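This briefing goes through one structure by topic.

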Amino acid sequence: MSTYTMSAPLPALFIGHGTPMNALEHNRYTAAWSTLAKTLPRPKAILVISAHWYTEGTAVTAMKQPATIHDFAGFPESLFAVQYPGPGSPELAARIGELLAPIEVYQESEQWGLDHGSWEILVQMYPDADIPVVQLSIDAAKPAQWHYSVGQKLAALRKEGVLILGSGNVVHNLSAIRWQAEGSDPYPWAVSFEQYVAANIASRQQPHPLTQALERQEGKLSNPSAEHFLPLLYILGTWDQSENISIPIQGIELASLSMMSVLIGG
C-alpha cells in the first residue's frame, strides 16, 4: 500500500460491538454504525484491533483475501452463514510492521482472517465489502500503557487514508450477563465504570488515566479479563490531544455489556 498524506487525519473509532447477533440485527446501535460510515470520510483501508484476536506476541493479517472466521458457538445458523468477502492488504500489513518497529510483528498469511469483532461491525458499516481490511492482534502479555503506545505509533496511518477501528466493549462481563432479562437495569458497577471512562476519554494527563482504569474495583468487575477494553487504548493513543473526542453511542445491554463507542476527529 503506497502511503500518501491527506489534508486532515482520518478519524479513529472505537466501537462497542456487543453480541455477534449485531451482524444481523437492526437496532439503535447498528443504525448508528451505519450512519457513522455514511458521515465519515471514506477510508482507503481499514485497520481493526479486535478483542477476539488475543495472542502471544503481535501479529497482523497479511493475506490478500482474509477468511470470515465464525469464532463463537450457540448462535443461529443464519449467523454462521454470514460472510464478509472484503480484500486484505499485504501492503498495509507491511506498513504496520514498519511503524511498530522495533516490535516484532508477525505477518500472518494463513491461520487467521477477520473474526466477528471485525466483520459484525463491517457488515453494518461497509456492507459492499470493497475496502481492504487488516487486523492487528492484541499481545496478551503486555501492560495497558504498552497498548496505548502502540496506538501512538499507528497514528501516522490516519494521515495515509486508513481508518483505525478498535472493536471491544468498555464493560464486558459475560458471567454477569442477564441473558433472559433483556432491558433489565445494568449493574451499578457497570454504570459507574462506563461513566468513569466517558469522563476521562479526553484527559490530557500522562500516563492517560484510562491506562490504569482496570485497576479500579469497578474496572475489575466490568472486565474480568482485559481484551475487550484494550482496543479503546489503541484508539486513544492515536489522539493528538487537540482533536474533538465524542461518544456517538452509549448504553449498557444485558446488564453488563457496554455499547459505548468513541470517535476521535470527525
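Glutamate 218 is buried, its relative accessible area being 14%; buried stands for under 20%, exposed for over 50% and partly exposed for the range in between, with a 1.4 Å probe and protein chains only. Its salt-bridge partner is arginine 216, with 3.0 Å between the closest N and O atoms. A salt bridge here is a side-chain nitrogen of Lys or Arg within 4 Å of a carboxyl oxygen of Asp or Glu. This is a predicted model, in which local features need pLDDT of at least 70 and side-chain atom pairs count only at pLDDT 80 or more, while totals for chains, interfaces and linings use all residues. Residues are numbered from 1 along each chain as its sequence is written, and side-chain values use heavy atoms, with hydrogens and water left out.

- Arginine 216 is partly exposed, at 33% relative accessibility.
- Five salt bridges are found when the whole structure is searched.
- Side chains of opposite charge can pair when their charged atoms come close.
- Arginine 95 is buried at 18% relative accessible area, whereas glutamate 98 is exposed at 54%.
- Arginine 95 also forms a salt bridge with glutamate 160, with the closest N and O atoms 2.5 Å apart.
- Glutamate 160 sits in the loop between α5 (144-154) and β8 (162-168) and arginine 95 in helix α3, so this pair ties together parts that are 65 residues apart in sequence.
- Arginine 95 and glutamate 160 are both buried.

- Seven of the seven residues of β8 are buried, so the strand is largely enclosed by the rest of the structure.
- In a regular strand the side chains alternate between the two faces of the sheet.
- On one side of β8 the buried residues are Val162, Ile164, Gly166 and Gly168, and on the other they are Leu163, Leu165 and Ser167, which leaves both faces covered.
- Strand β1 (residues 12-16) pairs with β8 in the parallel sense over five bridges; two strands count as paired if DSSP finds at least two bridges between them.
- Leucine 165 in β8 has leucine 13 opposite.
- Strand β2 (residues 45-55) also runs parallel to β8, and six bridges join the two.
- Leucine 163 in β8 has isoleucine 46 opposite.

**Two buried residues**

- Leucine 163, in strand β8, is buried with a relative accessible area of 3%.
- The C-alpha atoms of leucine 163 and proline 43 are 5.7 Å apart, although the two residues are 120 residues apart in sequence.
- Leaving out residues up to four places away in sequence, leucine 163 touches Leu10, Pro11, Pro43, Ala45, Ile46, Leu47 and Tyr126, where contact means heavy atoms within 4.5 Å.
- Threonine 238 is in the loop between α8 (230-237) and β9 (245-249) and is buried, with a relative accessible area of 4%.
- Among the residues that threonine 238 touches, beyond four places away in sequence, are Gly151, Gln152, Ile164 and Ile264.

**Helix contacts**

- Two packed helices are described by the angle between their axes and the distance between the axes.
- α3 and α5 pack with their axes 9 Å apart, at an angle of about 115°; axes are lines fitted to C-alpha atoms, for helices over the stretch in contact, and angles between N-to-C directions run from 0 to 180 degrees.
- In this contact, Ile96, Leu99 and Leu100 of α3 meet Val150, Lys153 and Leu154 of α5.
- The residues of the α3 and α5 contact are five nonpolar, no polar and one charged; Ala, Val, Leu, Ile, Met, Phe, Trp, Tyr, Cys and Pro count as nonpolar, Asp, Glu, Lys and Arg as charged, and the others, Gly among them, as polar.
- Helix α1 (residues 28-39) and helix α4 (residues 116-125) cross at roughly 65°, and their axes come within 8 Å.
- Thr30, Trp33, Ser34, Leu36 and Ala37 in α1 meet Glu120, Ile121, Gln124 and Met125 in α4.
- The contact of α1 with α4 has five nonpolar, three polar and one charged residues.

Technical notes: Helices (H or I, at least four residues) and strands (E, at least two) are DSSP runs, numbered from the N terminus.
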